[in-house]
Amino acid sequence: MTWFILAFVINTLTDQPDIKINLALKFKNEQSCNEYLVQNKAGLNLGLNRTFPHLRIDSIICVDRSTAKEIQQQRPNVI
């Protein structure tokens with residue numbers, strides 16, 4: 001199963017919660033995703049802040065493909 005990195009964020013302009021899914025990074029299992037997340041969390045935070053300066057990051061986690069799809073269906077504007 002494929003795993004992705006997902007960030008729970010708050011839009012500081014509207015105070016609305018949002019979710020960002022990094023579809024460019026794909027992992028074969030949860031363990032490799034979590035290892036990458038632990039080793040690169042600071043860089044991921046920096047990249048999110050640079051790309052979306054109006055967002056406050058709440059948390060970043062790993063999710064499997066089916067969970068990512070479910071979230072995208074519930075929130076079609078998720079990137």
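Why does F27 count as buried? Its relative accessibility is 10%, and the cut-off for buried is under 20%. All the close-ups below come from a predicted model.

**View 1. F27 and Y36, an aromatic pair.** Search the whole structure for aromatic pairs and you get 1. That pair is F27 with Y36, and its geometry is tilted: the rings sit 5.3 Å apart centre to centre, with 50° between the planes. As for F27, it counts as buried because its relative accessibility comes to 10%. Y36 has a relative accessibility of 27%, so this residue counts as partly exposed.

**View 2. K20 over the face of F52.** Here's a charge over a ring: K20 lies over the face of F52, and the distance to the ring centre is 4.6 Å.

**View 3. D64, buried with no salt bridge.** D64 belongs to strand β3, which covers residues 55-64. Go looking for a side chain of opposite charge and the nearest is R65, 8.3 Å away.

**View 4. Polar partners of the D64 side chain.** What does the side chain of D64 make a polar contact with? One partner is the side chain of S66, at 2.7 Å. The D64 side chain also reaches the backbone nitrogen of T67, at 2.8 Å.

Terms used: Residues are numbered from 1 along each chain as its sequence is written. This is a predicted model: local features need pLDDT of at least 70, side-chain atom pairs count only at pLDDT 80 or more; totals for chains, interfaces and linings use all residues. Side-chain values use heavy atoms; hydrogens and water are left out. Rings of Phe, Tyr and Trp (its six-membered ring) pair if their centres lie within 6.5 Å; planes under 30 degrees apart count as stacked, over 60 as edge-to-face and the rest as tilted. Buried means under 20% relative accessible area, exposed over 50%, partly exposed in between (1.4 Å probe, protein chains only). A charge sits over a ring if NZ of Lys or CZ of Arg is within 6 Å of the ring centre and within 35 degrees of the ring normal. Helices (H or I, at least four residues) and strands (E, at least two) are DSSP runs, numbered from the N terminus. Lys and Arg count as positive and Asp and Glu as negative; His and the chain ends are not counted. A salt bridge is a side-chain nitrogen of Lys or Arg within 4 Å of a carboxyl oxygen of Asp or Glu. A polar contact is a pair of N or O atoms within 3.5 Å; within protein, one must be able to donate a hydrogen and the other to accept it, and residues adjacent in sequence count only if both atoms are side-chain atoms.
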